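Please look over the structure shown here before reading on.

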Amino acid sequence: GVIQTLTHEFPNIHNAWEWGVQNKLYKLLNAVLLAFWAASDMRGRIREGFLETGMLVEALRREPVSQDTKIWLGRALTYHAMFCYRSGDYPRGRMAIEEALAILRLLDMPQFLIEPLVYSSIIYALMGNFPAAQANVNEGVALARQFNDTWFMAVGIFNQGVQFRLLGETR
């Protein structure tokens, strides 16, 4: 089916990603970050995703600073952090997600904080920092509600439940 076809297309997807970075198609790459993450995660392409989001992060760091490049860099760091987390490198993931949050908070555009807040809660929880995990997921869910982002509202609420369970709470 579709997943099998997608799996066979990964070499083309990776070539297109590299071509997009080389040709500075950052707006397009930004638009597909979530889909790229999800497809790579589902098919176990963590190493490739780690390398390719890292390539995007480094390319964006070399670009002139603008509101767009800050948004793109913050989001690229967010997904790079998730590939770090999935590869078991929690400290590196934490550093990337914290940098993403720092960049995006300065923009005063809270809709761009939803992803890193929700995702950082996973990394913080796995590293045992439950107060930070809970604070971030709660803020992320509140922002997801405010901006009607149903996907991240669902992911965030799920993460809240996981954290409650890890802490032995039953709500």
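This is a predicted model: local features need pLDDT of at least 70, side-chain atom pairs count only at pLDDT 80 or more; totals for chains, interfaces and linings use all residues.

**Helix α9**

- Helix α9 spans residues 130-146, and its 17 residues reach 24 Å from the first C-alpha to the last, close to the 24 Å expected at 1.5 Å a residue.
- The buried residues of α9 are Phe-130, Ala-132, Ala-133, Asn-136, Val-137, Gly-140, Val-141, Leu-143 and Ala-144, and because they fall within an arc of 165° when seen down the axis of α9, they line one face of the helix.
- On the other side of α9, Pro-131, Arg-145 and Gln-146 are exposed, while the cover over the buried residues includes α7 (90-105), α8 (114-126) and α10 (150-166).
- At the start of α9, a side-chain oxygen of Asn-129 comes to within 3.2 Å of the backbone nitrogen of Ala-132, and just after α9, Asn-148 has a positive phi of about 55°.

**Salt bridges**

- Seven salt bridges are found in a search of the whole structure.
- Glu-115 pairs with Arg-75, their closest N and O atoms being 2.7 Å apart; the pair links distant parts of the chain, with Glu-115 in helix α8 and Arg-75 in helix α6 (residues 67-86), 40 residues apart, and both residues are buried.
- Glu-58 forms a salt bridge with Arg-61, with the closest N and O atoms 3.4 Å apart, and these residues, three apart in helix α5 (residues 46-61), are separated by about one helical turn.
- Glu-58 counts as partly exposed at 40% relative accessibility, as does Arg-61 at 39%.

Conventions:
Residues are numbered from 1 along each chain as its sequence is written. Side-chain values use heavy atoms; hydrogens and water are left out. Helices (H or I, at least four residues) and strands (E, at least two) are DSSP runs, numbered from the N terminus. The expected span of a helix is 1.5 Å times one less than its number of residues. Buried means under 20% relative accessible area, exposed over 50%, partly exposed in between (1.4 Å probe, protein chains only). The arc is that of the directions from the helix axis to the C-beta atoms. Contact means heavy atoms within 4.5 Å. A polar contact is a pair of N or O atoms within 3.5 Å; within protein, one must be able to donate a hydrogen and the other to accept it, and residues adjacent in sequence count only if both atoms are side-chain atoms. A salt bridge is a side-chain nitrogen of Lys or Arg within 4 Å of a carboxyl oxygen of Asp or Glu.
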